[in-house]
Amino acid sequence: MLELILITLSLLVLMAASCTDLKTREVPDWLNYGFLAAGLGIRTIYSFQEGWSTLLSGVLGLVVAFLLGSIFYLTHQWGGGDTKLLAGLGAMIGISYPFSPASLELGWFLLALLFVGALYGLVWMIVIFFQKKQQVSRHFRFLLGEYKGIHIASGGAAAFFAFASIPLPFLWPLVLFPLVLFYLFLFVESVEQTSFFKDVAISTLTEGDWLAEDIFIDGRRVVKSTTLGMKELTTLNRLKTEGRLKTVLIKEGLPFVPSFLLAYLLVKFGGEGVAIIWQGVWG
């Protein structure tokens, strides 16, 4: 019964969070904190019946998920909302104690999230490419010139693997790898530069927004490029009040939460879970 409750609640929250992320590019704090509190609360209630290891499992999952999520947050890979959601999932999935193969479920989810997230992000960028084909293509050609040296080096690496694969046939799969990796990097960079940056009014900023460039006033840096917290927002609003700054350049990330849902379905139900969501969305 405990497992059924945790899975059902996780699915409901992930679906709600996915919808809000797709619409607003944000996940409300009340949803994330409520999810986290519910996970620990439910485990606390059941721990009276099933033992305190039930609660300990949730706490361990919360700590590990929060630490990993914080690394992604501090390296600007995603926002604070994603970190809070991952922490909530950590409490829900847990790390069972005493340790057993079942204790690895959170690890499997994180691996699935990396795989699904990369695929999801690539598909999303391909869609953007067809929406802004001319702009992305123009920037792609510009970056080819900017990274001419790396382009030549990638071609040289491809030629090396081509010659090396004559006596060593198992190297054939690596022949195109350097160039494909280089072009993929340029493609992602082109989509980001043409689609994910915009000037916004300071009054519309919220915690977790990504400041794309340092803010300088009178030659002095007052706010560095970072994920905005209360300290940075206070400084920016003060500059706005003083009439010294009206807008800032923000980098918008992908609505990444749907990949949490897909990864969770993949871990809990395998391919059947993903197929259910796919059929529900696309009919």
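**Entry 1: two helices crossing**

I started with helix 5, which passes helix 10 in a right-handed crossing. I kept in mind that this is a predicted model.

Next I looked up the geometry. The axes of helix 5 and helix 10 (residues 257-269) come within 8 Å and cross at roughly 130°. Angles over 145 degrees would count as roughly antiparallel, and 65 to 115 as roughly perpendicular. So helix 5 and helix 10 go down in my notes as oblique to each other.

Which residues meet here? On the helix 5 side I found E105, W108, F109, A112, L113, V116, G117 and Y120. Their partners in helix 10 are P258, S259, F260, L262, A263, Y264, L266, V267 and K268. I sorted the residues of this contact by type and got 13 nonpolar, two polar and two charged.

**Entry 2: the largest pocket**

Then I went looking for open space. The largest pocket has a volume of about 1500 Å³. I noted 50 lining residues, with W78, G79, D82, W210 and L254 nearest the pocket's centre.

Which elements give two or more residues to that lining? My list reads helix 1 (2-24), helix 3 (53-74), helix 4 (80-93), helix 5 (105-131), helix 8 (177-195), strand 1 (197-201) and strand 5 (247-251). Helix 5 turned up again: it gives the most to the lining, with eight residues.

Last, I sorted the lining of the largest pocket by type: 25 nonpolar, 13 polar and twelve charged.

Terms used:
Residues numbered from 1 in each chain as written. Predicted model: local features only at pLDDT ≥ 70, side-chain atom pairs only at ≥ 80, totals over all residues. Heavy atoms only, no water. 1 Å grid on protein atoms, 1.4 Å probe; cavity = no way out; pocket = protein on both sides within 12 Å on 5 of 7 lines; lining within 4 Å. Points joined across faces, edges and corners; volume = space filled by probe spheres on them. Helix = DSSP H or I, 4+ residues; strand = E, 2+ residues; numbered from the N terminus. Nonpolar A, V, L, I, M, F, W, Y, C, P; charged D, E, K, R; others polar. Axes fitted to C-alpha atoms, helices over the stretch in contact; angles between N-to-C directions. Parallel < 35°, antiparallel > 145°, perpendicular 65-115°, else oblique. Left-handed = near helix turned anticlockwise from the far one by under 90°. Contact = heavy atoms within 4.5 Å.
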